Amino acid sequence: MTIRSLAISMGTKPMSLYHYVANKDEILDGIVDMVFDEIDLPSPEGEWRDEMYRRAHAVRRALKGHPWAVGLLETRASPGAATLRHHEATLATLRAAGFSVQMTAHAYALLDSYIYGAALQEAALPFHGPDAAPEVATSIVELFSDGQYPHLVEIATEHVLKPGYDFADEFDFGLNVILDGLARSIPNPKDDATHQPPGA
């Protein structure tokens, strides 16, 4: 995106846009902030795992609606108010759960790496939605008929080609694995004071 291309798409001249924004970065800051504003904020008063689960799905929904945003959300050097509110609420929820400062940073990075990666992967798939995979997978499985790829055949026939298969369901499985792992790093007040949880 350039100021010139944006002006052309709006049927105006580049100089007209400079009346409203200083440069392209200010525009990108604004549209990234609009995406963050669509994401429900987690609450430090809620149960952290439920809040992080809800947040993960809210971010995923926003990225499905704006797939171009995946590569932009973490690039802004001048984040807007909605972006800052989102980060603050997420950090506050993790800290309220008992995560150390270091583990809060690790948890946030891990969750977002997973969410953004899953969004990229889903956007790139040649099929979307329940029972859509067989349309693509059936023809691919035919390429495996010579027996060279038995595990690909196994996954396809015993999992992907089963009725109701939806790749989107894999998201919850991975998210729960991550949340289970993070839960083990929260210090238990009943533990011996000398015991340190992993990564604390």
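This is a predicted model: local features need pLDDT of at least 70, side-chain atom pairs count only at pLDDT 80 or more; totals for chains, interfaces and linings use all residues.
Residues are numbered from 1 along each chain as its sequence is written, and side-chain values use heavy atoms, with hydrogens and water left out. Local features need pLDDT of at least 70, side-chain atom pairs count only at pLDDT 80 or more, and totals for chains, interfaces and linings use all residues.

We begin with the core. A nonpolar core is a set of buried (under 20% relative accessible area, 1.4 Å probe, protein chains only) Ala, Val, Leu, Ile, Met, Phe, Trp, Tyr and Cys residues joined through side-chain atoms within 4.5 Å. The largest one has 33 residues, of which W48, L63, L73, Y116 and L182 touch the most other members. Helices (DSSP runs of H or I, at least four residues, numbered from the N terminus) contribute to this core, and its largest share, eight residues, comes from helix 6.

Helix 6 (residues 101-124) packs with helix 9 (residues 169-183) at an angle of about 170°, their axes (lines fitted to C-alpha atoms over the stretch in contact) lying 11 Å apart. The two helices are therefore roughly antiparallel, a term for angles over 145 degrees. Their contact (heavy atoms within 4.5 Å) includes L110 and Y114 of helix 6 and F171 and L182 of helix 9.

Helix 4 also packs with helix 6, at an angle of about 35° and with axes 10 Å apart. Among the residues making this contact are V59 and L63 of helix 4 and Y116 of helix 6. Y116 touches V59 and L63, and its partners also include F36 and L73.

Definitions and conventions. Axes are lines fitted to C-alpha atoms, for helices over the stretch in contact, and angles run from 0 to 180 degrees between N-to-C directions. Angles under 35 degrees count as roughly parallel, over 145 as roughly antiparallel, 65 to 115 as roughly perpendicular and the rest as oblique. Buried means under 20% relative accessible area, exposed over 50%, partly exposed in between (1.4 Å probe, protein chains only). Lists of a residue's contacts leave out its neighbours within four places in sequence.
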